[in-house]
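Please look at the sequence and the three-dimensional structure shown here before reading the dialogue.

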Amino acid sequence: MDFLKDIVKSLDNKYATVLSDGETIADCEEFVDTGSYIFNALVSGSIYKGIPKNKVTCLAGDSGVGKTWYLISFIKNFLEQNETGMVVLFESESAVSKKQLLERGVDITRVAIVPIATVQEFRNQVLKLLDKYEKVPVKERQPLFIGLDSLGMLSTTKEMEDSLAGSETKDMTRTQIIRSIFRVITLSLGRLNVPLVFTNHIYDPQQMYASKVVSGGKAIVYAASTIIMLSKAKEKDGSEQVGNILRCTAYKSRFTKENSSCETRL
C-alpha cells in the first residue's frame, strides 16, 4: 500500500488517489432535483435525487416536445437547492426569454444567458468559463450549472462562411468538432462538480423501421452520462386538448436501467 501511495504522489496529479483514501472524480454524491419525483427516479434511481451534479445530461426529442421546459425546471430547482448557486445558459434558439424565466419562478439575478451561433463559439466560451471557475479557490467557489439550448441548432464556422459565399457544399466537420468539445470538457466538469445539461434534436435514420437517432453523432452517446429521449401525446378533456403527456425514456443511463421510461404531465 505504501508503494502504491508513493506511485500516486509521484504522478504529480492532485486528482489521483488510492481508492480507499478518497473519492474519484467519477463518484457522484450530489444531484439536481428535476422537479418531478418520477423523473428523478428515471435518471437516478431515487425519487429524492435527480440528474448527476458532475456529469453531462442530454434531453433529446423532436421540436416542441418540452426539452426547454424541462431544462428551465432543472435550473429553477438547482437555484433553489443552492442559495449562492449560479447558472450560465448558452442559448442558440432564442427560445428562453426573461419573461419566461420570471413566470417559472427562476431567480434571474443568478442567471446569465450567452447567445451563441456555432459549435466553435460554444467550445471556446465554455472552456474559458471552466478555466476561470477552476482558478477560484475551492472554498470560495459558488455552485455552478451550465445549460445549452440547443446543441442541435448550432452551426459551424465553415457552414456560416459557405452560406455567405453562396456555397452549397455540405459541412463534414461538425461531428468532429462536437466530439472535440466533450473530449476536453467532460473531465473538467467532473473535477469541478459542475453539471452540464443540453437539449438536442433527433432525426429519423435512413434505415427503415430503425429508431430515431440523437443529432451530433456517436460523440453525444459517448460523452453524456444520461440521455433522455422525450416524446409527447395530447391530453384531452373530451375533444378539447388540455395539455400534453410527455413520455421520457432513458436512452442511456449510468444510474438506472436503460430503456426504462415514465410519463409526466405538462
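The structure is a predicted model, in which local features need pLDDT of at least 70 and side-chain atom pairs count only at pLDDT 80 or more, whereas totals for chains, interfaces and linings use all residues. Residues are numbered from 1 along each chain as its sequence is written, and side-chain values use heavy atoms, with hydrogens and water left out.

Student: Which strands stand at the edges of the open sheet of 8 strands?

Tutor: Strands here are DSSP runs (E, at least two residues), as helices are runs of H or I with at least four residues, all numbered from the N terminus. Two strands pair if DSSP finds at least two bridges between them. The order in this sheet is β5-β4-β6-β7-β3-β10-β11-β12, with mixed pairing. Each edge strand has a single partner, so one side of it is left without a neighbour in the sheet; these strands are β5 (111-115) and β12 (261-265).

Student: How many residues of strand β3 (residues 56-61) are buried?

Tutor: Buried means under 20% relative accessible area, exposed over 50%, and partly exposed in between (1.4 Å probe, protein chains only). In a regular strand the side chains alternate between the two faces of the sheet. In β3, V56, C58 and A60 on one side and T57, L59 and G61 on the other are all buried. The strand is therefore largely enclosed by the rest of the structure, and the count is 6 of the 6 residues.

Student: Which residue in β10 is the bridge partner of L59?

Tutor: Strand β3 is joined by 5 bridges to β10 (residues 226-237), and the two run parallel. With β7 (residues 196-200), β3 also pairs in the parallel sense over 5 bridges, and there A60 stands opposite N200. In β10, the partner of L59 is I228.

Student: What arc do the buried residues of helix α2 cover around the axis?

Tutor: In α2 (residues 37-44), the buried residues are F39, N40, L42, V43 and S44. The arc is that of the directions from the helix axis to the C-beta atoms. These residues lie on the same side of α2, because their arc is only 165°.

Student: Is L11 buried or exposed?

Tutor: L11 lies in the loop between α1 (2-10) and β1 (31-32). Together with F3, L4 and I7, L11 makes a nonpolar surface patch of about 410 Å². With a relative accessible area of 53%, L11 is exposed.

Notes: Patches are made of residues with over 30% relative accessible area and no salt bridge: like charges are joined within 9 Å, nonpolar side chains (Val, Leu, Ile, Met, Phe, Trp, Tyr) within 5 Å. Accessible areas come from the Shrake-Rupley method with a 1.4 Å probe; for residues, only the protein chains shown count as cover. A salt bridge is a side-chain nitrogen of Lys or Arg within 4 Å of a carboxyl oxygen of Asp or Glu.
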